[in-house]
Number of protein chains: 2
Amino acid sequence: MATADPDRPGFLLPLLLLAGFRTLIDDLHAELARQGHSDLRPLHGFVLQAVGPDGTTASELGQRLGVSKQAAGKTVDRLVALGYLERADDPRDARRKLVRMTERGYDGLRRSAVIFDQLRDRWAATLGPERVAAIEDDLRAVTPANWFRLDVPGWFGA
Amino acid sequence: MATADPDRPGFLLPLLLLAGFRTLIDDLHAELARQGHSDLRPLHGFVLQAVGPDGTTASELGQRLGVSKQAAGKTVDRLVALGYLERADDPRDARRKLVRMTERGYDGLRRSAVIFDQLRDRWAATLGPERVAAIEDDLRAVTPANWFRLDVPGWFGA
DNA sequence: TACGATCGTCAACGTGGTTGACGAAATAGT
DNA sequence: ACTATTTCGTCAACCACGTTGACGATCGTA
């Protein structure tokens, strides 16, 4: 059974994962603020990513993010107020309201992608590229696949 | 400069770190609920850890957790209401209110430590112990040291 | 056509955080 | 010994993000 190593107690693992995540997110937003996006909050990047290049609706956005449609709607409200998203009527279904990125939304998302790549390079410079890749592979292996619903292939690089 | 690998875009790294963290936390709380601690929220484990065996005050707790003393005070209020913490007067300083763990608080923290160790073993069974250790070492290397103010040596194993 | 499912929204609420103010108590300085 | 400053806890107002429940409008279907 559990042969806990006293030198490496299990509670350090979540703490280190959180630390790594928060470090990247904090560095990202410090740089984003420097580039004119000081009003983007940590959550917003995930939301923009989930909206994607084709847009969605609030209900679908909620499903992608794993929250209620009401919560998704309120987050869209804020991002509309900040100028990152816009709403439009769906001509084929009067109930639906399309949610699309504005040019500012695209800009924030593009810059986030570039900055994240640079931060990953910084980790690679410290650890070596193969160890960064190993972290990614290992975490993929122990993490449920539904954590990656945000993947929008072919969207980021450009 | 940034030689981004299109197969491993940088934004996957924070997503995977978050996924790993949330997976561990979700599994922890599912098991804690099974063991009679369904009212413990993800934050509470960090707070109990930061209170430690000797107790603290709300102000000091806020510093340890990196939040304001008011936020720390409100969280203590909730944990007192749930029976995990208790307040006591400091005989040497009438301004201070000592915050201590109750027996229920100790129980929740002990169980969390055991469960975390088991979850780490589960990762080790999938990845191999040396790769789990490598993740921890790597994350330590790229993460500011002040992320580990919660370390209370010698407290957990027992 | 009538019914049930779906979409967006409103309302009320919970949790975790912020800043500002303020009285009470400890401490430093003269 | 008496001020002046600092510190501690708390109150109040507010913000961000989430929940559940309800409800009118609209769509698809029996």
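Colleague: Where is the place of B:His29?

Modeller: B:His29 is in helix α1 of chain B. Helices here are DSSP runs of H or I with at least four residues, strands are E runs of at least two, and both are numbered from the N terminus. One caution first: this is a predicted model, where local features need pLDDT of at least 70 and side-chain atom pairs count only at pLDDT 80 or more, while totals for chains, interfaces and linings use all residues. Residues are numbered from 1 along each chain as its sequence is written, chains are lettered from A and ligands numbered from 1 in the order in which they are written, and side-chain values use heavy atoms, with hydrogens and water left out.

Colleague: Why is B:His29 called buried?

Modeller: Buried means under 20% relative accessible area, exposed means over 50%, and partly exposed is in between (1.4 Å probe, protein chains only). B:His29 has a relative accessible area of 15%, so buried is the label.

Colleague: Which residues is B:His29 in contact with, leaving aside its neighbours within four places in sequence?

Modeller: Those are B:Leu40, B:Arg41 and B:Pro42. Contact means heavy atoms within 4.5 Å.

Colleague: What makes A:Asp39 and A:Arg104 a salt bridge?

Modeller: The rule wants a side-chain nitrogen of Lys or Arg within 4 Å of a carboxyl oxygen of Asp or Glu. For A:Asp39 and A:Arg104 the closest N and O atoms are 3.5 Å apart, so the pair passes. This pair links distant parts of the chain: A:Asp39 is in the loop between α1 and α2 of chain A, and A:Arg104 is in helix α5, 65 residues apart.

Colleague: Why do A:Asp39 and A:Arg104 count as partly exposed?

Modeller: A:Asp39 is at 26% relative accessibility, so it gets the in-between label. A:Arg104 is at 31%, so it gets that label too.

Colleague: What makes A:Arg131 and B:Asp138 a salt bridge, and where do the two sit?

Modeller: The closest N and O atoms of A:Arg131 and B:Asp138 are 2.9 Å apart, so that pair qualifies. The pair crosses between chains, from helix α6 of chain A to helix α6 of chain B. A:Arg131 is partly exposed, with a relative accessible area of 33%, whereas B:Asp138 counts as buried at 4%. There's also a network: salt bridges that share partners join A:Arg8, B:Arg120, B:Glu136 and B:Asp137.

Colleague: How much area do chain B and chain A bury between them?

Modeller: About 5300 Å², with 73% of it on carbon and sulfur atoms. Buried area is the accessible area (1.4 Å probe) that two parts lose on being put together, summed over both. The contact takes 51 residues from chain B and 50 residues from chain A.

Colleague: And the DNA: which residues come nearest to DNA strand D?

Modeller: Of the 23 residues around DNA strand D, A:Ser68, A:Gln70, A:Lys74, B:Lys69 and B:Arg95 come nearest. A residue is near a strand if one of its heavy atoms lies within 4 Å of it. α4(A) gives the most to that surface, with 5 residues.

Colleague: Which part of DNA strand D do the atoms within 4 Å of the protein belong to?

Modeller: Sugar or phosphate accounts for 53% of those atoms, and the rest belong to bases. As for phosphate oxygens of DNA strand D, a polar side-chain atom of A:Ser68 lies 2.7 Å from one, and one of B:Ser59 lies 2.9 Å from one.

Key. A polar contact is a pair of N or O atoms within 3.5 Å; within protein, one must be able to donate a hydrogen and the other to accept it, and residues adjacent in sequence count only if both atoms are side-chain atoms.
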